[in-house]
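Here is a short tour for anyone meeting this structure for the first time. Keep the picture in view as you read.

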Amino acid sequence: MPRFLSLKLNKDFLRLYHRGKSCAKPALVVYAMKNRVGICRVGITTSKKIGNAVQRNRARRVIRAAFQSTLSTAAFSGTWDLVFVARTRTTRLKSTQVELAMRQAFSELGVTQ
RNA sequence: AGAGUGGACUGGGCAGUCGCGGCACAGCAGUGACGAGGAAAGUCCGAGCUCCCCACAGCAGGGUAACGGCUAACGGCCGCCGAGGGUGACCUUAGGGAAAGUGCAACAGAAAGAAACCGCCGCGCUUUGCGGUAAGGAUGGAAAGGCGAGGUAAGAGCUCACCGGCGCGCAGGAGACUGCGCGGCCCUGUAAACCCUACCCGGAGCAACACCGACCGGAAGCAGCAAUGCGCGCUCGCUGGGCGUAUUUCCGACGGGUGGCUUGAGCACGGGGGCAACCCCGCGCCUAGAUAGAUGACUGCCUUCAAAGACAGAACUCGGCUUACAGGUCCACUCUGUUU
RNA sequence: CCGCUCGUGGCGCAGUUGGAUAACGCAGCAGAUUCCGAUUCUGAAGAUCGGGGGUUCGAAUCCCUCCGGGCGGG
């Protein structure tokens, strides 16, 4: 059983941008919305502003590693739909630094207890 | 020792923990091996493959351009020739044709394939006119082959030597071409202007293309009053899978799924041919196939003065070209200086 | 994957059958007019013609290559 699913459709991203709660950190931007699916669903956005294909891949991997580490240790209040938007600084950070920013954003948004 | 030329390679390694992708053990779970590049990039050329059109040929349009070879093919590569540059190693080179034709050459200059402005010389004659003349001046990117001697009224390939160009002959070479001899003295540049000559090219692209007993809708069919159904049997620890036999058909649309999808003009080693590009033979190996897109995080040790830090992510596949690239390694060669 | 098109002062645009001071408008600067502004008039400045290389006597223009932007088709 996978621990989370990925959001793939553009309409899911648009729903979170318009109706979800957001929190912007220097490392990344988090959009969150509670769902009733019973499992967390996650999408990652890396625009062309971030850089070339290598830097976009790097940003996705760092965010995914930070989220997996957070998911296995933190206590979540229910299941959520989440969208992470990478910023230019994300490519130069370690995943532990991104994880720290993600935990702060989660507690501000009420995702974790 | 200093300065330089050409070429080849590398792009951290090992181990542990958590996590990812397809593959194998049938799926889940677990285990195992494998998992981005020299440019994967730009998409500038050339091919394979698939579909469309296909009788053949030509025109139009586009491309290439010394010569010989390599290659599946190429606008690529190798060798070689000519031209240019460098003391040299070596580098650069779209390098066919301008007496097949047309066009253009602004400004300057008298004149830009056609000549007399100044000058020089002769005659008339002293205001100037007529004739000869391309040695000199001036303009220009380019001025009637260059330079020297003879010659002349002054001059002129008018004559001669040398050099350059053209033609012919001989010798060498596979050829481009080179060398030697002879001849007449030879009408600027531009074809990345139109053009001529020789050779090559049908179009589109994996979102190609094929399949789906997977879903939806419609029409007809069979069984059935109707709902509905169009499979059943065997085997295995739960969903499901495998095997066997049997099967109503047609059409449409959107989003899917599967194949195409990695064994290939492949790679490594050894031997042979060739100056080389490359080719032949033998033996061994299988080395990413994702489909929003898989390689990340943390720790330790080694290398390093110190710190893992350049450019950069396969998307049908190959052969090239072009562009980007921190640091480092190796090979061959040249010049200058010093010492022996 | 394939094709087309554009790049010229700070901004918008001419010039693109090769011929030299790269034209014009707006903005900005200086001066005049005004008590001060606006308007108007005058003047000056401002351009690697996207970068590099080549052809040519001569390149914004022709050719090659690289960079950036935009559009279209499947």
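## Ground rules

Two residues count as in contact if their C-beta atoms, placed from the backbone, lie within 7 Å. Helices (H or I, at least four residues) and strands (E, at least two) are DSSP runs, numbered from the N terminus.

This is a predicted model, where local features need pLDDT of at least 70, side-chain atom pairs count only at pLDDT 80 or more, and totals for chains, interfaces and linings use all residues. Residues are numbered from 1 along each chain as its sequence is written, while chains are lettered from A and ligands numbered from 1 in the order in which they are written.

## The whole chain

Chain A holds 3 helices and 5 strands, and along the sequence they come in the pattern β-α-β-β-β-α-β-α. The C-alpha trace spans about 35 × 30 × 30 Å along its principal axes. A compact globule of 113 residues would have a radius of gyration near 13 Å, and chain A agrees, with 13 Å; the radius is taken over C-alpha atoms, and the globule rule is 2.2 Å times the number of residues to the power 0.38.

A residue is called buried if 20 or more other C-beta atoms lie within 10 Å of its own, exposed if 12 or fewer, and partly exposed in between, with C-beta atoms placed from the backbone. In chain A, buried residues make up 27% of the 113. Take the contacts between residues at least 6 apart in sequence: 82% of them join residues at least 24 apart.

## Helix α3

Helix α3 runs over residues 95-109, and its 15 residues reach 21 Å from first C-alpha to last, close to the 21 Å expected. That expected span is 1.5 Å times one less than the number of residues. Its buried residues are V98, E99, A101, M102, A105 and F106. They cover an arc of only 165 degrees around the axis, so they sit on the same side of α3; the arc is that of the directions from the helix axis to the C-beta atoms.

The buried residues of α3 pack against β2, β3 and α2. After the helix comes G110, with a positive phi near 80 degrees.

## Helix α2

The 21 residues of α2 should span 30 Å, and its end C-alpha atoms are 31 Å apart, which agrees. Buried here are R56, A59, V62, I63, A66 and F67. Their arc is only 130 degrees around the axis, which puts them on the same side of α2. What covers them includes β3, β4, β5 and α3, whereas the face turned away from the buried side carries the exposed residues A53, V54, R61 and S72.

Strands β2 (residues 21-24) and β3 (residues 28-34) pair in the antiparallel sense over 4 bridges; strands pair if DSSP finds at least two bridges between them. A hairpin of 3 residues joins β2 to β3, and S22 stands opposite Y31.

V29 lies in β3 and is partly exposed, with 18 other C-beta atoms within 10 Å. Leaving aside neighbours within four places in sequence, V29 is in contact with S22, A24, V85 and R87.

## Beside the RNA

Which residues come nearest to RNA strand B? Of the 14 around it, they are N52, N57, A65, K94 and S95; near means a C-beta atom, placed from the backbone, within 6 Å. The elements giving two or more residues to this surface are α2 and α3, and α2 gives the most, with 8 residues.
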